Amino acid sequence: MEEDQKHLASANEESTGAQMAQQHPLMARNILFEHCLSQTTSEESIGAYGMMLYDRQVKHESVLREAPGTEALNEPCQNGSLEFSTDISGSDQEDYQRGSLKLELAMEITAQIKALPLNCIDSRSTTLRCQGMHLIEDLSKVKPPLQAEKELLIVIIASIFALLPIDTLQWQNEEKINIEALYNQNVEALEAMLRFLLLQRPHSMELLVLLECVAPWLTSGQGHERARAVNIYVFLLKFAATYRNFHEFGPFLTSRQMTELLLTAIGYLRETRTSTYVASYTTTRVILEHYKHKLHDQVPEIVHTIYQQLGSSHQFQGRQIMLTVISSLAASYMAEVCSALLRCPFPMDRNAADMWRALTKTGSNFDLMVLVNILLKKLQMNPNVTGNYITPLVAASAFSKLLSMPKCSDVAFNIYPRLLMTLLVQVHYNITDKVIRNPVSQEETEPVRYIVKALKTLFLAVGCYCEFLFTEKDGLWQLLTSYDDHHRGVGMLARVLLQCPCCDRLKILYLLVPFLERGDEEHQITAMAFFVELLYMSEARRLPDKYSLNRLNQGLVNTNPVIRALCIKGLVKMADWPGKEIKTLLPAMIKGLSGMDGRLYVESVTEIEKILVGPEEADYMSNIILSLQELFNNDRESVRASAIFLFGKMVKIAKKSNELTIRHQILENLVPLLLHHQEENPEITENCKYTLEECVRFLGYKLPKQIVIGKAWHENEAVLDETCRYLLQKHEGSLQRFLYQGLFHTESSILSIRKASVMFLGFLVLHMDYRAGEIELKVIINCLECLMHDSEESVCIAAAQAHERVSAVLSKQKHGLHGDNMTAASEKPMKNARHHSATATGNSSAHFFAVIGLWKSANKN
């Protein structure tokens with residue numbers, strides 16, 4: 001910028017004015033302007049300028065009369081840049097002389113303005129600049145334009161822009177003059193002059209000349225200089241934008257100038273004055289119709305500016321014109337407009353939504369397909385790879401707006417399968433704990449919400465109304481947006497959509513085939529969950545083995561247990577396909593169960609159980625049953641209930657050829673099943689009843705009805721007494737096993753199981769009598785003493801009661817060893833057991849206070 005100032009400060013030696021000054025020193029003598037420069041206002045400067053011109057004319061005439069060889073004055077004019085006619089006579093001679101006087105005056109004022117200091121501003125300098133501006137207005141009437149006019153204009157602009165900042169000037173001023181007011185006078189005079197020049201010569205070249213005079217200052221290194229230049233630059237464009245004959249300027253404007261002119265016109269659409277509004281509308285229309293090709297590189301800036309203008313524009317017509325600009329630009333530059341809209345603030349507000357909808361109003365079906373394909377590519381971005389989670393969410397929100405427009409119904413059908421699967425995958429990507437805060441309402445929302453909204457809009461757009469209502473009521477969206485249950489939600493959605501007549505199921509099936517081979521884990525899980533449900537379709541049987549059977553078989557060794565579970569489900573569905581020997585894959589399926597969590601394991605076993613119908617499958621029962629019993633103590637009640645039920649089904653279909661193994665596993669789980677029968681969950685209770693009956697049936701017994709009547713042991717101890725008596729009668733050789741099973745469950749985290757196991761130990765020991773060894777009894781007593789400090793009072797009381805029973809048995813054994821009654825006791829164990837049981841049951845009220853005392857005593861210790 002300093003070089004520009006030096007250039008402005010140096011005289012143009014090649015100009016016509018310089019030539020005349022060198023050849024005619026009489027005409028270039030210094031003229032005193034002090035009587036003119038004393039004027040302080042721009043209005044008075046007009047009169048001062050007239051006086052200066054009159055004095056210059058009188059002085060010039062006297063010089064001409066005194067100087068010999070006046071004819072020689074015409075020679076330099078002929079060779080100079082003034083381009084005055086050489087044929088001068090009469091009134092033309094007078095015009096020539098007046099032009100020469102103005103030119104000479106321009107040179108004088110230019111020199112004076114160049115000499116003005118840049119570190120101060122006063123009335124004298126303001127008046128001088130105003131006089132120079134009036135002279136420029138006069139010179140603008142001369143045809144052709146004079147170079148001196150442009151030079152003076154450049155010098156005046158530089159003398160204003162290069163002034164120090166207003167605050168600095170005010171601080172340096174010692175006379176306490178209102179510096180800001182003086183500066184504003186200079187700027188207002190400059191704007192008035194520029195307006196006059198454009199009106200005087202209303203064509204494109206004049207606008208370009210003025211813009212070129214201001215343009216160098218736009219890149220100044222000083223911020224205040226750039227700001228001043230921008231204000232004048234915008235002023236020129238605003239004036240052009242409100243000029244009805246703007247189209248005359250269009251062909252000569254650069255891309256940057258055309259963009260600024262368009263944005264200026266858009267800005268004036270908020271004006272309430274009709275003339276300004278009409279001019280802005282006309283300018284906007286002309287640019288879009290004839291000069292849109294110049295806007296290509298500036299599309300992002302235009303879109304961003306319109307977005308901001310919409311936020312402060314409340315006039316309907318103005319908003320519609322702005323939106324028309326967006327749709328018009330999109331017709332030629334859809335990718336650029338779409339990319340710019342994707343960068344609008346998120347969550348999407350009303351203005352951004354209107355801009356997206358505007359893209360559908362004037363666009364053809366081809367344009368709309370281009371638009372949705374662009375959005376689809378943005379939606380397919382993997383945020384785990386790119387780190388960009390916002391762009392796919394914005395694309396999903398854009399789809400929500402676009403698909404809600406009736407014009408997009410055909411487009412929705414065309415992209416339905418691709419968009420459906422892409423949205424489902426994005427749901428999986430966005431199942432996180434993160435939230436997005438709305439900058440306006442400060443409302444926090446989960447990112448996945450925007451994907452789900454796009455899915456719902458898609459269903460409505462393709463006419464799946466009944467299916468949409470079903471998904472709303474059946475909790476599908478909760479499953480779909482749960483990290484653990486996402487694949488279950490996808491499967492449920494697939495089953496619902498298979499019933500939809502508008503669903504292009506075959507197209508989705510063929511689309512999923514390549515989907516299964518690419519993408520990351522989230523991508524593959526979502527695709528596989530949907531694909532497995534489509535195997536119910538008859539058309540799926542036409543798939544080659546490499547796309548169905550082989551792919552599912554390969555999935556059995558996948559490191560992700562969800563994919564293994566889905567593959568098991570898919571293979572089981574193919575069991576009835578002609579020519580498919582799915583049972584040969586049972587070993588791989590059983591091996592694939594390894595490492596699955598409780599619910600996945602139960603679901604997979606449920607599927608496998610459907611094809612375990614022949615005697616050759618009996619060998620798989622043992623492995624499955626062994627794994628199921630590990631799930632009896634799972635934290636989730638649904639998993640426990642399912643595992644217990646499947647255990648019963650496995651026992652039911654087990655064959656006698658594997659009797660020893662199955663019998664062993666039944667005895668290992670007989671007591672746990674009795675204990676789980678005491679849970680408060682009715683599903684678990686019912687499943688325990690079913691499984692106990694199947695287990696006893698396999699063993700060749702019949703379970704007493706009183707044992708599974710459903711009454712809790714703590715409410716009816718007679719049921720527990722009968723249960724222990726039954727175990728003693730049928731499984732006397734397994735009593736020690738039952739004791740240790742009871743001990744193991746005293747550490748259960750489930751309150752009902754912990755309490756039931758304590759009661760079970762007390763009654764079982766009471767019935768075992770001498771069969772329980774001293775070591776086992778002491779272990780049980782130590783365990784019960786610990787449980788008397790349990791956090792639950794009901795467990796403490798049950799432990800105290802059981803402690804009393806076990807201690808009584810231990811005491812009796814010690815007494816029997818030193819007395820003569822041991823033999824008699826051993827001869828009638830069952831009678832003694834029934835006697836002790838009746839005593840314990842009948843006199844429980846009598847011993848209650850003693851038990852409470854024992855419990856309190858234990859807690860004190």
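Contact here means that heavy atoms lie within 4.5 Å. By that criterion, and not counting residues up to four places away in sequence, methionine 589 touches Leu556, Ile568, Leu571, Val572, Ile582, Ile608 and Ile611. The structure is a predicted model, in which local features need pLDDT of at least 70, side-chain atom pairs count only at pLDDT 80 or more, and totals for chains, interfaces and linings use all residues. Residues are numbered from 1 along each chain as its sequence is written, and side-chain values use heavy atoms, with hydrogens and water left out.

The pLDDT, the predictor's confidence in each residue from 0 to 100, has a mean of 77 over the chain, and 78% of the residues reach 70 or more. Over residues 1–44 the pLDDT stays under 50, as is also found for residues 817–861.

Met589 belongs to the largest nonpolar core, which has 266 residues, and is listed with Trp356, Leu375, Leu420, Phe530, Leu628 and Phe760 as touching the most other members. The largest share of this core, twelve residues, is supplied by helix 22 (residues 409–429). A nonpolar core is a set of buried Ala, Val, Leu, Ile, Met, Phe, Trp, Tyr and Cys residues joined through side-chain atoms within 4.5 Å, and helices (H or I, at least four residues) are DSSP runs numbered from the N terminus.

Arginine 228 lies in helix 12 (residues 223–241) and counts as buried because its relative accessibility is 9%, where buried means under 20% relative accessible area (1.4 Å probe, protein chains only). The side chain of arginine 228 reaches the backbone oxygen of leucine 164 at 3.0 Å.

Notes: Buried < 20%, exposed > 50% of the residue type's maximum accessible area, 1.4 Å probe, protein only. Helix = DSSP H or I, 4+ residues; strand = E, 2+ residues; numbered from the N terminus. Polar contact = N/O pair within 3.5 Å; in protein donor to acceptor, adjacent residues only side chain to side chain.
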